[in-house]
Amino acid sequence: MTQPLDLHAVSAHYGTTKVLEDLSLSVQAGELVSLLGASGCGKTTTLRLIAGFLTPTTGSIQLGGRDLTRLPTHKRDIGLVFQNYALFPHLSVLDNVAFGLKQRGVGSAERRKRAMAMLERVGLAALADRAPGALSGGQKQRVALARALVIEPPLLMFDEPLSNLDAKLRVDMRVEIRQLQRSNGTTSVYVTHDQEEAFSISDRVAIMNAGRLMQFDRPEVLYRRPANTFVARFVGFENIIPFKVVARDGDVVTADTAGMTLRLSQAAYGAIPDTFLLATRPDGLVVSTDPAAEGLPAQLGLRTYLGRAYQYQCETPAGHLVANGSLTTPLEAGTSSKLVPMPEQCTILANEGAR
Amino acid sequence: MPDRPHPILIGVAALVYLFLMLPLVIVVGAALSDTTYLTFPPQGLSLRWFENIFEISAFRRTIVTSLQIALMGTLIALLIGIPAAYALNRFRIELPKWLGTLFVLPILVPEIVFGFALLKSFTVGTGAPIFLSLLIGHTLIVLPYVVRVISASLASFDFSIEEAAISLGSAPAKTFFTIVLPNVRAGVIAAFILAFITSLNDVSVSLFLTGPGISTLPIQILAHVEQFFDPTVASVSVLLMFLTVAVMAVVERTLGLTFLAK
Amino acid sequence: MTARRFWRRNGATGWALSAPATLAVIGFLLIPIGAVIAGTFIDPRGVFAPYISYFNSGFRTTVLFRTLQIAAITTIISLIFGFMTAYVVSRAPGKLKSLLIVAAVFPLLTGVVVRAFAWLIILGRNGILNQTLLALGITSEPLEMLYTQGAVIVGMVYLFVPLMVLSLVGVLENIPRDVLQASSSLGASPLATFWQVLLPLAVPGLIVGAVLVFTGSFTAYATPQLLGGERQTVLATLLHQRAMVSFDWVGASTIAAIMTVITITIVLAMSHIARRINPMAT
């Protein structure tokens, strides 16, 4: 039942503005893939293209070898969960869930049985005869989920399904969605702007920006090894420092930034090109007062308490950096110190000529 | 767009719009005709029937009366309607719900019944002058538009702004004029225009409240059509349409036209 | 101090502000109409005498039923064409949509006399329609179209279709787009979406539009007067004729009472029904 989804070189326009450029994306059968990005990045456009609410200008969309590109929405057989639930206000909860079955010509007794069974699974069987207007946000989203699942679609799509729920419910619901998706093994596309949500729920995440795919990989890889500065910044690499290699001595590379030099081991960082960016989160840059430490000289500024560490706003010749320091020795503003990069928390990016 | 309506539906809609526009085009054409009888397409263009409007003293008089009544009635309706709309929104909890319905009554009851009742019970009953009765009648039929349109504006007004002004030391009455009113300016303009046009076009109420020497333009047109069948009426109609277009142009410049459809 | 008085929110200020408008409506509308209706019940001939004599008159009952019939037909035609047009307008792209809305507002702002007069030119014995039919050889004699029920209905539909279109565009635009998209994503064809989702959700709006048109055409004066004349007398023209030509004030009051009761009953009943079946309300 479950099928792979393939987007091949898809572009889309709203009027004359290009909103999606040459997007290719393959979702394997049974996989849950998130489209992640800020508003306007093209993630919702992608979902609407797959659903058939929009037609691509070029490219093709295939589901299990079936070409969807020119197929009207109602023939695509895709389960959709909407941000605003989009329940039919004039139908009871049960009739909402049974709606898709009715369109498929399922008889009324069978319809009722299957819709009830699905409501049972999402824990709402007791509310079957209620009007959707009388439900809470979480219950509405469960109905929407049941309605999409009951037609046993080869592809499920979620459009920011949790954004109208409060924080606690959001976490509960995403676990629930993931469990249902896993046990059904339905190929799924999940659109969200919430990084934590995307990383926690997905097999793979596609990070998008300005209508382009920036990186598509497992959350673990995205989190540790962003492929470019956009993704690096997006996943919280606040410090991105441009370097030029000035000397190579076997494994050890000496690199310069704004007159400061740093010696880096290629065994720890991987192959280092002649110009590169060193990217790291604040916890990958450790404040040290040891004058012999191999790091960037910095002047400490404002200190904030994070619970697991102190964080410092630092001024260096290479610009403003954010670094963490140990809890045992809080340092005052104005202290001169070294910022020591931790290789396992850093990544080397090609200098794209930005900055 | 994938959800474009069916071509048959588009065709029907086009015909409906043709049905709406064509008669008005025909009136304009008839007004420009050179002949002494009504005809379309016009045979020879002239503006003589426009001149004729002003040569007939009854038209001259009723145009003035209509404009006077419409302007005065609208202003009085604004004067009593704005405080009422404000009270309905500001004291929503304290005031009973039926009060809102009360202000809609003048368009809920048949206008012609209202006109007749005002004549029988007020004008004849108290011997009030016709002009006053006419003014009262018009004030009341435009009052619902004033209250409703301004209420709609006030519904989206954040009353905490008013409270902020008062907490900063502005007197409540002054606050109304310096803070509340400027923020519902669009609603007031729209209310004025709707009320003015409604009053100008009214037939059913004016029908009973006209007397010797006092009549409104629509009533005069009605009387003229029943006696003569010449293009003068078409010219007056075009004049009224121009007035409407002018008013709509003002709306367009100040508020955008779709405002009126709300 | 002024601020403190302001914060004490009792209803007195509210009542004071709404008093002029309230008194105006009560004094000049409710009491006069109440007096007219009450007057019909204190007839020296008996409590219901004016009504008995009204319904004993074959002519007057014919007028009542004619008025109801014209209003009903006008409402149905306006509903059908108004709904189709409103659907197209609500789907039109932004610029065109504003233009179409303006094109519907314009006739609405043009007076009823002007709009009835337009049909006088079209439907008259030497009118445009007859000239065209004669020229095309479809008919050899000019047709008598004026002063028929059909003429009145055409004039009324012309009067009320814009109103119907505008109120239904609002209704259709209030139906969330994603509900319709949900329907097609679940496999409903456009036709199925129309019947199973769009139409049920539009019903309350259709009822409101129908009430507007029905009561409007039930009480219209200028259009039946100009296009129907004496042959197509309706309640409104009869009321005017009784009051201003025959000076039969009791008869006129009786007609006024009948019109008021029918109008108010329909408005209240239908808005109650519309509210009860409105799924968006909960």
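Student: How many helices and strands are there in chain A?

Tutor: Chain A has nine helices and 20 strands. The model is a predicted one. The C-alpha trace of chain A covers about 80 × 45 × 35 Å along its principal axes.

Student: What share of the residues in chain A is buried?

Tutor: Of the 355 residues in chain A, 51% are buried. As for contacts in chain A with a separation of 6 or more, 65% of them join residues 24 or more positions apart.

Student: Into which domains is chain A divided?

Tutor: Domain 1 runs over 5-233 and domain 2 over 237-350. Nine residues from domain 1 of chain A and eight residues from domain 2 of chain A take part in the contact. The C-alpha centres of these two domains are 41 Å apart.

Student: How is the size of an interface often given?

Tutor: It is often stated as the accessible area that is lost when the parts come together. For domain 1 and domain 2 of chain A, the buried area is about 800 Å², with 51% of it on carbon and sulfur atoms. On the domain 1 side, Tyr223(A), Arg225(A) and Ala232(A) supply 45% of the area buried against domain 2, more than any other three residues.

Student: How many salt bridges and how many polar contacts does the rule find across that interface?

Tutor: The rule finds zero salt bridges between domain 1 and domain 2 of chain A. It does find four residue pairs in polar contact, both residues of each being at pLDDT 80 or more.

Student: Which elements give two or more residues to the domain 1 side?

Tutor: They are helix 7 (219-224) and helix 8 (229-234) of chain A. Helix 8 of chain A provides the largest share, three residues. By residue class, the side of domain 1 that touches domain 2 holds four nonpolar, two polar and three charged residues.

Student: Now the interface of chain B and chain C. How many residues does the contact take from each chain?

Tutor: The contact takes 82 residues from chain B and 82 residues from chain C. About 7500 Å² is buried between the two chains, and carbon and sulfur atoms give 83% of that area. Tyr17(B), Phe19(B) and Phe116(B) supply 8% of what chain B buries against chain C, more than any other three residues.

Student: What do the salt-bridge and polar-contact counts come to here?

Tutor: Across the interface of chain B and chain C the rule finds zero salt bridges. The polar contacts between chain B and chain C number six residue pairs, with both residues at pLDDT 80 or more.

Student: Which element gives the most to the side of chain B that touches chain C?

Tutor: Helix 1 (residues 7-31) of chain B does, with 14 residues. The whole chain B side divides into 69 nonpolar, six polar and seven charged residues.

Student: Take one helix of chain B, helix 11 (residues 217-227). Is it mostly covered or mostly uncovered?

Tutor: Helix 11 of chain B is mostly covered, with eight of its eleven residues buried. The buried residues are Leu217(B), Pro218(B), Ile219(B), Gln220(B), Ile221(B), Leu222(B), His224(B) and Val225(B).

Student: What covers the buried residues of helix 11 of chain B?

Tutor: Elements of both chains take part. From chain B the cover includes helix 3 (57-90), helix 10 (185-201) and helix 12 (232-254). From chain C it includes helix 6 (112-123) and helix 11 (222-228).

Methods: Residues numbered from 1 in each chain as written. Chains lettered and ligands numbered in written order. Predicted model: local features only at pLDDT ≥ 70, side-chain atom pairs only at ≥ 80, totals over all residues. Heavy atoms only, no water. Domains from an automatic or database assignment. Contact = heavy atoms within 4.5 Å. Buried area = accessible area lost by both parts, 1.4 Å probe. Salt bridge = Lys/Arg side-chain N within 4 Å of Asp/Glu carboxyl O. Polar contact = N/O pair within 3.5 Å; in protein donor to acceptor, adjacent residues only side chain to side chain. Helix = DSSP H or I, 4+ residues; strand = E, 2+ residues; numbered from the N terminus. Nonpolar A, V, L, I, M, F, W, Y, C, P; charged D, E, K, R; others polar. Buried < 20%, exposed > 50% of the residue type's maximum accessible area, 1.4 Å probe, protein only.
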